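Please take a moment with the sequence and the structure before reading on. The paragraphs that follow go through a few places in the fold, one after another.

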Amino acid sequence: MISARLPGGGDVWLLGPVRGLASELGPLAEALAAHPPAAIGLGTSPDELRSLVEYFVLASAEPVVPLTTAERSEVRGLVRFGEVRVPNPAFVEVLRWGHARGVPVEPLDPSEDRTAAMFTDHIGYVELVRRTVRERRASRSPPASATADQYALDWDRTVAGGKGSREFAAARDRHLVQDARRLAASIGRVTVVVDRERFERVRALYESPAPDRLGPG
């Protein structure tokens, strides 16, 4: 997991754990303890956050989680680096941490309906076919990365490296940064947690003098 303090108003930290990897939970907990936030912004949608709280934070027993084709493909390569859990254990840990301490956790990504609209705005049929082909190819031969951190980056570049996919990711990241800025402006001491592959993009947008004018999204 990597982390960085973000510039601008308030005291804002950005954390980027590798999605799915259980060994990231220790460093994540240490980072939260080292800089206890007044609020946490999570790189997920309001819909997913509600499901994680209902079925994994407040439930007495966790349900069986079916994997999507994309998740199965990604996990095949990630298990070389340790235990992998679904849904994202880092997000579940953050929600449990906040619930136990009375620290609010806010979703920063668009709603699932808005995300779907963004997807169709930026990813056409040809890009979707190419993305599926890249994903299947990566499933058969996952990136030969030396570390889990590098694997997360390599997987994202392999599967979502097309122009439309990059534009979709940028639109989603712009929405996240705008909401993170609003959260920091109202609360001050905030930690933002995103999947590792989003970390550098989010940091670059946050450091931009005018992130809201980088384009529609």
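Leaving aside residues up to four places away in sequence, which residues does D109 touch? The model in view is a predicted one, and in it D109 touches L42, G43, T44, S45, P46, R172, H175, L176 and R198. D109 itself is found in the loop that runs between β4 (105-107) and α5 (112-122). With a relative accessible area of 5%, D109 is buried, because buried means under 20%. One residue of that list, R198, also has a polar contact with D109, in which the two side chains are joined at 2.9 Å.

D195 is placed in the loop between β5 (189-193) and α9 (199-207), and its relative accessible area of 10% makes D195 buried. The side chain of D195 has a polar contact of 2.8 Å with the side chain of R19, and another, at 3.0 Å, with the side chain of N88.

Strand β5 is the place of T191, a residue that is buried, with a relative accessible area of 3%. How far from T191 is V12, when the separation is taken between C-alpha atoms? The two residues are 179 residues apart along the chain, yet their C-alpha atoms are separated by 5.6 Å. Apart from residues up to four places away in sequence, T191 touches W13, L15, L32, H35, P37, A39, I40 and G41.

The packing of two helices comes next. Helix α2, which covers residues 46-57, and helix α4, which covers residues 89-101, pack with their axes 10 Å apart and at an angle of about 75°. Angles from 65 to 115 degrees count as roughly perpendicular, and α2 is therefore roughly perpendicular to α4. On the α2 side, the residues that meet α4 are L49, L52, V53, F56 and V57, and on the α4 side their partners are F91, V92, L95, R96 and H99. Sorted by class, this contact of α2 with α4 has eight nonpolar residues, one polar residue and one charged residue.

S51 has its place in helix α2 and is partly exposed, with a relative accessible area of 33%. Between S51 and R174 there are 24 Å in space, C-alpha to C-alpha, and 123 residues in sequence. L58 lies in the loop between α2 and α3. Is L58 buried or exposed? At 51% relative accessibility L58 counts as exposed, because the cut-off for exposed is over 50%. Leaving out residues up to four places away in sequence, L58 touches V53 and H99, and V53 and H99 also belong to the contact of α2 with α4. R96, which takes part in that contact too, is 38 residues from L58 in sequence and 8.7 Å from L58 in space, C-alpha to C-alpha.

The last topic is the aromatic side chains. How many aromatic pairs does the structure hold? There are three aromatic pairs. In the pair of F119 and F168, the ring centres are 5.3 Å apart and the ring planes stand at 80°, so this pair is edge-to-face. As for accessibility, F119 is partly exposed, with a relative accessible area of 24%, whereas F168 is buried, with a relative accessible area of 9%. Elsewhere in the chain, F81, Y151 and W155 form one aromatic cluster.

Note on methods. Residues are numbered from 1 along each chain as its sequence is written. This is a predicted model: local features need pLDDT of at least 70, side-chain atom pairs count only at pLDDT 80 or more; totals for chains, interfaces and linings use all residues. Side-chain values use heavy atoms; hydrogens and water are left out. Axes are lines fitted to C-alpha atoms, for helices over the stretch in contact, and angles run from 0 to 180 degrees between N-to-C directions. Helices (H or I, at least four residues) and strands (E, at least two) are DSSP runs, numbered from the N terminus. Angles under 35 degrees count as roughly parallel, over 145 as roughly antiparallel, 65 to 115 as roughly perpendicular and the rest as oblique. Contact means heavy atoms within 4.5 Å. Ala, Val, Leu, Ile, Met, Phe, Trp, Tyr, Cys and Pro count as nonpolar, Asp, Glu, Lys and Arg as charged, and the others, Gly among them, as polar. Buried means under 20% relative accessible area, exposed over 50%, partly exposed in between (1.4 Å probe, protein chains only). A polar contact is a pair of N or O atoms within 3.5 Å; within protein, one must be able to donate a hydrogen and the other to accept it, and residues adjacent in sequence count only if both atoms are side-chain atoms. Rings of Phe, Tyr and Trp (its six-membered ring) pair if their centres lie within 6.5 Å; planes under 30 degrees apart count as stacked, over 60 as edge-to-face and the rest as tilted.
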